[in-house]
Amino acid sequence: MSYNLIPQKMLSQDPFSSWLGIEILEVSLGKCKVGLKVRPEMLNSMQKAHGGITYALADTAFGFAANTHGKYAVSIETSINHIEALEEGDYITAESSVEVTKNKLGFHVVEVKKEDQLVALFKGVVYRTSKEWDLNDD
C-alpha cells in the first residue's frame, strides 16, 4: 500500500477541501501537512479569518494523516484552541501527527501555523475501520 497516495485520493474526492484551496505539502506514515491561503470570502464580520477555516484545515490534515495507515479512519472526537487571529492573504499550514495509537483508536495532534507562529492547536481521535483503501478504484 502506498500510504502517501491516500491523501491525494481523498483530496480528489473532497469538494469542500478543494474549494478551500487546500494543498498537500508533505505526507509520511501517520503524518500529513497541508496548507491554504486565507481568501476574502473566508473572513468573518470582524475581517478576520472565520474560525471554521483553521478548523477545516486542521480537520483535513487530521483525516489525511489518520488514513495513511491504509484503513478507513473516521473522526469520533475533535477540539481546537484558537490562539491568534488570521488576516486575508495569510498562508497557513496544518501538520497532523499520531501521538498515540490504541487498538483501533488513533490520537492526533495538529499544529496550525502561520510561518513558524502557532495560531491554533487541534486534537482529534479517530476510529480505524476494517475497510482498506483501494487506490485502483476511482
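**Fold, core and loops of the predicted chain**

Apart from residues up to four places away in sequence, V119 touches N81, H82, I83, E84, L86, V112, K113 and K114; contact here means heavy atoms within 4.5 Å. The model is predicted, so local features need pLDDT of at least 70 and side-chain atom pairs count only at pLDDT 80 or more, while totals for chains, interfaces and linings use all residues. Residues are numbered from 1 along each chain as its sequence is written, and side-chain values use heavy atoms, with hydrogens and water left out.

V119 is found in strand β6. V119 has a relative accessibility of 2% and counts as buried. The term buried means under 20% relative accessible area, exposed means over 50%, and partly exposed lies in between, with a 1.4 Å probe and protein chains only. In space, V119 and T54 are 8.6 Å apart, C-alpha to C-alpha. In sequence, 65 residues separate V119 and T54.

The protein chain has three helices and six strands. Helices (H or I, at least four residues) and strands (E, at least two) are DSSP runs, numbered from the N terminus. Along the sequence, the pattern is α-α-β-β-α-β-β-β-β. The C-alpha trace spans about 45 × 30 × 25 Å along its principal axes.

Of the 138 residues, 38% are buried. Among contacts between residues at least 6 apart in sequence, 64% join residues at least 24 apart. The accessible surface comes to about 7500 Å². Carbon and sulfur atoms hold 49% of this surface. Accessible areas come from the Shrake-Rupley method with a 1.4 Å probe; for residues, only the protein chains shown count as cover.

The interior comes next. In soluble globular proteins, nonpolar side chains tend to be buried together. The largest nonpolar core has 33 residues. Those with the most contacts inside this core are L20, V34, L36, L57, A94, V110 and V112. At least two core residues come from each of α1 (6-12), β2, α3, β3 (71-82), β4 (91-102), β5 and β6. Helix α3 gives the most, with nine residues. A nonpolar core is a set of buried Ala, Val, Leu, Ile, Met, Phe, Trp, Tyr and Cys residues joined through side-chain atoms within 4.5 Å. With neighbours within four places in sequence left aside, A94 is in contact with C32, K33, V34, L57, A58, A61, V110, E111 and V112.

G106 sits in strand β5. G106 is buried, at 0% relative accessible area. The C-alpha atoms of G106 and G124 are 8.2 Å apart in space. In sequence, G106 and G124 are 18 residues apart.

Q47 is not a glycine, yet has a positive phi of about 60°. Q47 lies in the loop between β2 (31-37) and α3 (51-67). With a relative accessible area of 49%, Q47 is partly exposed. E115, likewise not a glycine, has a positive phi near 60°. E115 lies in the loop between β5 (105-114) and β6 (117-132). At 72% relative accessibility, E115 counts as exposed.
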